[in-house]
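Hi everyone, thanks for making time this morning. I'd like to walk you through one structure, so please have a look at the screen with me.

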Amino acid sequence: MALLLLQAVAGLAGAALWLAAGFSAVGPAPDDATPRSRRSARTPRERMPVLAFVAGGTLALAGAVALALVLAGRGWWFAGEKIVIALPLQLIGLAAGVLGLVWWLTGRRPVAGRTLVLGGGYAMAAAALATWLIGYPPQPVAALLLFAAVALGTGLTWALLAHRGRRAVAGFAGFLALLLVAGIGWSWLSDTAAPTLEAGTGHGHGAAAVVDANDGAVASRSVETLRTPADAPGEVRRFELTAAHHTVELAGGDSVEAWGFGGDSLPGPELRVTEGDLVEATLANRDIERGVTLHWHGYDVPNGEDGVAGVTQNAVAPGGTFTSRFVADTAGTYWYHTHQAGSEGVRRGLYGMLVVEPAGGVAEDLDLSVPVHTLGGAVFLGEIDGPQQIDAEPGSTVRLRVANTDRSPLRVLVAGAPFRISAVDGLDVEGGAEVRGEALRLGAGARADLVFTMPEAPVRFETDASEASVISFVPPGDDATSTSEGAPSEIEAAPELDLLAYGDAARPELGPFTAEGVLVLDRMPRFVGGAPIYAYTVNGQVFPHIEPLVVHEGDLMRITVANRGFDVHPMHVHGHHVLVLARDGEAATGAPLWLDTVDVRPGEVWELALRADNPGIWMDHCHDLEHAAQGMMMSLAYTGVTTPFEHGGAHANRPE
């Protein structure tokens, strides 16, 4: 990450110093003077600043090029546009600037010389802008616009310095303005074009058949047909969830207006079922004007049950209902939340926990789900903000099912006892040893099951989200306020446990990869919903125009995720878990780690494997839902699957 920042700073510094040289190179010699007299007209005081700017700019430029080459060695995703677009611009700018400098110093063509120095600076500035405006992958049309802007800017400078008259100045200025308007207009029109969510050659919505680009087969499966069969097995467990406004009372006495899935508590009701049950959940919207859906985060339900507005269903309007059904055939810790305008809905409280207990029962004596959520500045652990005390017999075992329902990463720790990570993102982690004094990081949307044996002394569950909100486990009769609760927090100083090296079990035999996908995460100015914003991008594009990851059913896809931005992006794929292969080129060495949310930090590169075994059109997005709302959403699309639902439209669907 530091290299990306240094490279950008070096490129900008080089351009700025060359431009400073151009603006400092004033005072062309009189046209009737001899070359010797023109050189003599440049006093040392005139020459030195220009030469100093040029020397500094050239050094900075050389540093930028060297760092670009180093970044290319770390991965083409970090340097593609720097090599293909920025480097030619920098070389052209440098050549023009040097030639112009010689002309200016010798007085042979002072106006043209100064024009070339400034033009060289424009080219170097355009090179620096290429990373910010174009990014990865390099886009030829955008690159041509940059080259044309440099040429027109240089022409305009020449017309001004050479006093070529209003017509010449107006001509260059007009073409330059036209170019800028055309570039912005082209970007805006791209945002208003038909979305790109589906696989195949036809990206439009609707029930029409889609032609598979690879094998020519014609298919017409709609996401509406990919639902749980009416005769699905299992004991039916029915739940009714009502989305509505309500008021949450905080521990400090204040109250916060919230949205919820029932009652006055902050999380919706915990849905706890047994492996093999048939879950049937009916969602009713009482008064959430923006609409609501029910998404089963981390549970690999059939596509039509996924609850994404504008992709698998329409948003449920006030007074409406929608029933989801799926067989709970995989035990673990999951959660549910709205997937309609979730950046606001989840933040305000439209979430709850889903726990699928093993058919043979939970092994631990105490089993507690702990969604961690921030509302109104208060951090809730489950239903309570502030300290909590729970009795636990010494020698008993405790399972904490922790879910990060916020938008930021979360560090958690069990203080006072060794603990092990039993499961991550709903799936067991085999062979994990007990750890003590280490913190576990959970990206936004991620879960982990922490298991410990209660000692004779109190134990404290801490997070880095709040020192006040802790859960103290105490032997019956003990008082946490005099023991555990008053103890200093350990979370900030605790080293971080690396899940890629945790556990011990054989890795699965995957077989050969049959598909590849690359996601390059970044931040650039783009139009989103017709408005210009500093957006979050995938492969240089924003939702709904990011090309989907396309798979055939049965494919094994290798997915590379590279983060070249300055924000953390917890990338969440629906309907599947991915196996972590490597991070930053280092292979995972612990037990197989299957995730549905991959927390990609700035500068990191993750390699993942995905088995395409759940057909549909699935969202793949950043679970910092503000980032998703600002563009960082795309789809994993199976060939031949279509959707009749649309982004926006009469139902005002907002899939994030």
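Before I go on, some ground rules. This is a predicted model, where local features need pLDDT of at least 70, side-chain atom pairs count only at pLDDT 80 or more, and totals for chains, interfaces and linings use all residues. Residues are numbered from 1 along each chain as its sequence is written, and side-chain values use heavy atoms, with hydrogens and water left out.

Now the overall view. The protein has nine helices and 36 strands; here helices (H or I, at least four residues) and strands (E, at least two) are DSSP runs, numbered from the N terminus. Along the principal axes, the C-alpha atoms fill a box of roughly 100 × 65 × 55 Å. Of the 656 residues, 52% are buried. By buried I mean under 20% relative accessible area, with exposed being over 50% and partly exposed in between, using a 1.4 Å probe and protein chains only. Take the contacts (heavy atoms within 4.5 Å) between residues at least 6 apart in sequence: 76% of them join residues at least 24 apart.

Let's turn to the helices. Two packed helices are described by the angle between their axes and the distance between the axes. The axes are lines fitted to C-alpha atoms, for helices over the stretch in contact, and angles run from 0 to 180 degrees between N-to-C directions. Helix α1 (residues 2–24) packs with helix α4 (residues 80–106) at about 25 degrees, their axes being 12 Å apart. That makes α1 roughly parallel to α4; the cut-offs are under 35 degrees for roughly parallel, over 145 for roughly antiparallel, 65 to 115 for roughly perpendicular, and oblique for the rest. On the α1 side we find Leu4, Gln7 and Trp18, which meet Lys82, Leu94, Gly97 and Val98 in α4. By class, this contact of α1 with α4 has four nonpolar, two polar and one charged residues. For the classes, Ala, Val, Leu, Ile, Met, Phe, Trp, Tyr, Cys and Pro count as nonpolar, Asp, Glu, Lys and Arg as charged, and the others, Gly among them, as polar.

The other partner to look at is helix α5 (residues 110–133). The axes of α1 and α5 come within 8 Å and cross at roughly 160 degrees. That makes α1 roughly antiparallel to α5. Among the residues making the contact are Gly11, Gly14, Trp18 and Gly22 of α1, and Arg114, Gly121 and Tyr122 of α5. The contact of α1 with α5 divides into 12 nonpolar, four polar and one charged residues.

On to the strands. There is an open sheet of four strands, in the order β5-β4-β7-β9, with mixed pairing. Its edge strands are β5 (255–260) and β9 (321–327), each pairing on one side only; two strands pair if DSSP finds at least two bridges between them. The twist averages 25 degrees from one strand to the next. Strand β7 (residues 278–285) pairs with β9 in the antiparallel sense over seven bridges, and alanine 281 stands opposite serine 324 in β9.

Further along, strand β24 (residues 515–528) is mostly covered, with 10 of its 14 residues buried. β24 runs parallel to strand β27 (residues 556–563), and seven bridges join them; here glycine 517 stands opposite isoleucine 559. β24 and β25 form a hairpin with two residues between them, and glycine 529 in the turn has a positive phi of about 65 degrees.

Asparagine 539, in the loop between β25 and β26, has a positive phi near 55 degrees. Proline 544 lies in the loop between β25 (531–538) and β26 (549–551), and a cis peptide bond with omega of about 5 degrees joins phenylalanine 543 to it. Lastly, is aspartate 425 buried or exposed? At 0% relative accessibility, aspartate 425 counts as buried, and its phi is positive, at about 50 degrees, although it is not a glycine.
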